[in-house]
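Keep the sequence and the structure side by side.

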Amino acid sequence: MIPSYNELIQPLLKLMKEEELTRRGASEKLSLRLNLTEEDRQEKLASGGSMFENRVGWAFSYLTKAEYIELTERKAVFRITDSGLEALKDALNNGSIFDRK
């Protein structure tokens with residue numbers, strides 16, 4: 001089963017802590033870490049796009065907007081920010097990246 005974009009946020013931040021990645025690179029590595037089947041990876045949206053890559057894209061969008069990740073000087077390559085490292089540390093202690101008040 002494909003995780004929601006919200007469920008991808010913490011694993012994505014953990015991955016970004018290890019290395020700078022493009023969205024596509026992150027999608028590939030996340031799918032391996034999450035043990036997604038080929039069927040999961042190939043599941044399509046009504047529009048024809050990949051459901052998993054779409055959800056990874058939304059996770060990237062939210063993390064960028066929160067300033068937990070940022071673009072590097074290299075085209076389309078992202079890295080975790082100090083705020084992202086702090087949020088990840090807090091999440092590992094408290095269980096959530098974003099406070100849902």
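Start at asparagine 35, which is exposed because its relative accessible area is 63%. The classes are simple: buried means under 20% relative accessible area, exposed means over 50%, and partly exposed lies in between (1.4 Å probe, protein chains only). Asparagine 35 is found in the loop between α2 (23-33) and α3 (38-42). Helices (H or I, at least four residues) and strands (E, at least two) are DSSP runs, numbered from the N terminus.

The model is predicted: local features need pLDDT of at least 70, side-chain atom pairs count only at pLDDT 80 or more, and totals for chains, interfaces and linings use all residues. Residues are numbered from 1 along each chain as its sequence is written, and side-chain values use heavy atoms, with hydrogens and water left out.

Now the backbone. Most residues other than glycine have a negative phi. Asparagine 35 is not a glycine, yet its phi is positive, about 55 degrees. Alanine 76 also is not a glycine and has a positive phi, about 65 degrees. Alanine 76 sits in the loop between β1 (69-71) and β2. With a relative accessible area of 40%, alanine 76 is partly exposed.

Next, take serine 27. Its place is in helix α2. Serine 27 is buried, since its relative accessible area is 5%. Which residues does serine 27 touch, not counting residues up to four places away in sequence? They are Phe52, Glu53 and Val56. Contact here means heavy atoms within 4.5 Å.

Threonine 81 lies in the loop between β2 and α5 (82-94). Its relative accessible area is 12%, so threonine 81 is buried. Leaving out residues up to four places away in sequence, threonine 81 touches Glu67, Tyr68, Ile69 and Glu70. A polar atom of the threonine 81 side chain lies 2.7 Å from the backbone oxygen of glutamate 67.

Turn to the aromatic rings. A pair of aromatic rings is described by the distance of the centres and the angle of the planes. Rings of Phe, Tyr and Trp (its six-membered ring) pair if their centres lie within 6.5 Å; planes under 30 degrees apart count as stacked, over 60 as edge-to-face and the rest as tilted. The structure holds 3 aromatic pairs. The rings of tryptophan 58 and tyrosine 62 have centres 6.2 Å apart and planes at 40 degrees, so this pair is tilted. Both residues lie in helix α4 (residues 51-65), 4 residues apart, about one turn of the helix. Tryptophan 58 is partly exposed at 46% relative accessibility. Tyrosine 62 is partly exposed too, with a relative accessible area of 37%.

Phenylalanine 60 and phenylalanine 78 make an edge-to-face pair, because their ring centres are 4.9 Å apart and their planes stand at 70 degrees. This pair links distant parts of the chain: phenylalanine 60 in helix α4 and phenylalanine 78 in strand β2 (residues 78-80), 18 residues apart. Phenylalanine 60 is buried, at 0% relative accessibility. Phenylalanine 78 is buried as well, with a relative accessible area of 9%.

Finish with tyrosine 5, in helix α1 (residues 5-18). At 31% relative accessibility, tyrosine 5 is partly exposed. Tyr5, Trp58 and Tyr62 form one aromatic cluster.

Note on methods:
Polar contact = N/O pair within 3.5 Å; in protein donor to acceptor, adjacent residues only side chain to side chain.
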